[in-house]
Amino acid sequence: MNGHGGYAVFFFPQALEALGEAIKPYLTNQPEGPHVFCREIDTGGAFTEMTLVGKDAEGHDVQVELMVPGSMIRMIVSAQSEALFGFGPRVTAGAPQTEA
């Protein structure tokens, strides 16, 4: 599942509760709900492996691999960029806008 801008990984509420404080530093709280935004994802086993990119305390890039049981994941959404991620109508470039 690689080759896009990234993936938003949503968990079941019970999974977030079970993971507790350990998952909180990796969650992004957006209107769509708490999720982990990752650059790459591997769903080919009992654990889903997510590759996250961030900054350390000194501002250096760091890469983190987060693995959780696949049964904890509710949904995975492919996103072209984190800033544009969301639910709603999509407009194709060059397509005329219509009003409802």
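The lining of the largest pocket comprises eight nonpolar, four polar and three charged residues. In this grouping, Ala, Val, Leu, Ile, Met, Phe, Trp, Tyr, Cys and Pro are nonpolar, Asp, Glu, Lys and Arg are charged, and the others, Gly among them, are polar. The structure is a predicted model, in which local features need pLDDT of at least 70, side-chain atom pairs count only at pLDDT 80 or more, and totals for chains, interfaces and linings use all residues. Residues are numbered from 1 along each chain as its sequence is written, and side-chain values use heavy atoms, with hydrogens and water left out.

**Overall architecture and confidence**

- The protein chain contains one helix and seven strands, where helices (H or I, at least four residues) and strands (E, at least two) are DSSP runs numbered from the N terminus.
- Read from the N terminus, the order of elements is β-α-β-β-β-β-β-β.
- The mean pLDDT of the protein chain is 82, and 75% of the residues score at least 70; pLDDT is the predictor's confidence in each residue, from 0 to 100.
- Of the contacts in the protein chain with a separation of 6 or more, 55% join residues 24 or more positions apart; contact means heavy atoms within 4.5 Å.

**The largest pocket**

- The volume of the largest pocket is about 310 Å³, a volume being the space filled by probe spheres set on grid points that are joined across faces, edges and corners.
- A pocket is an open set of points on a 1 Å grid over the protein atoms alone, where a 1.4 Å probe fits and protein lies on both sides within 12 Å along at least five of seven lines; lining residues have an atom within 4 Å of a point.
- The lining consists of 15 residues, and F37, C38, L52, V53 and G54 lie nearest the centre of the pocket.
- Strands β3 (33–38), β5 (47–55) and β6 (61–69) each supply at least two lining residues, and β5 gives the largest share, with five.

**The nonpolar core**

- Buried residues make up 30% of the 100 residues in the protein chain; buried means under 20% relative accessible area, exposed over 50%, and partly exposed in between (1.4 Å probe, protein chains only).
- The largest nonpolar core has 16 residues, of which V9, F11, I23, V36, C38 and M50 touch the most other members; such a core is a set of buried Ala, Val, Leu, Ile, Met, Phe, Trp, Tyr and Cys residues joined through side-chain atoms within 4.5 Å.
- Two or more residues of this core come from each of β1 (6–11), α1, β3, β5 and β6, and β1 provides the largest share, three residues.
- Beyond its neighbours within four places in sequence, M50 is in contact with V9, F11, V36, C38, E40, I41, V64, E65, L66 and V68.

**Individual buried residues**

- A15, in helix α1, is buried, with a relative accessible area of 5%.
- The C-alpha atoms of A15 and I73 are 7.8 Å apart, although 58 residues separate the two along the chain.
- T51 belongs to strand β5 and is buried at 9% relative accessible area.
- Apart from its neighbours within four places in sequence, T51 is in contact with C38, R39, E40, Q63, V64 and E65.
- L27 lies in the loop between α1 and β2 and counts as buried at 19% relative accessibility.
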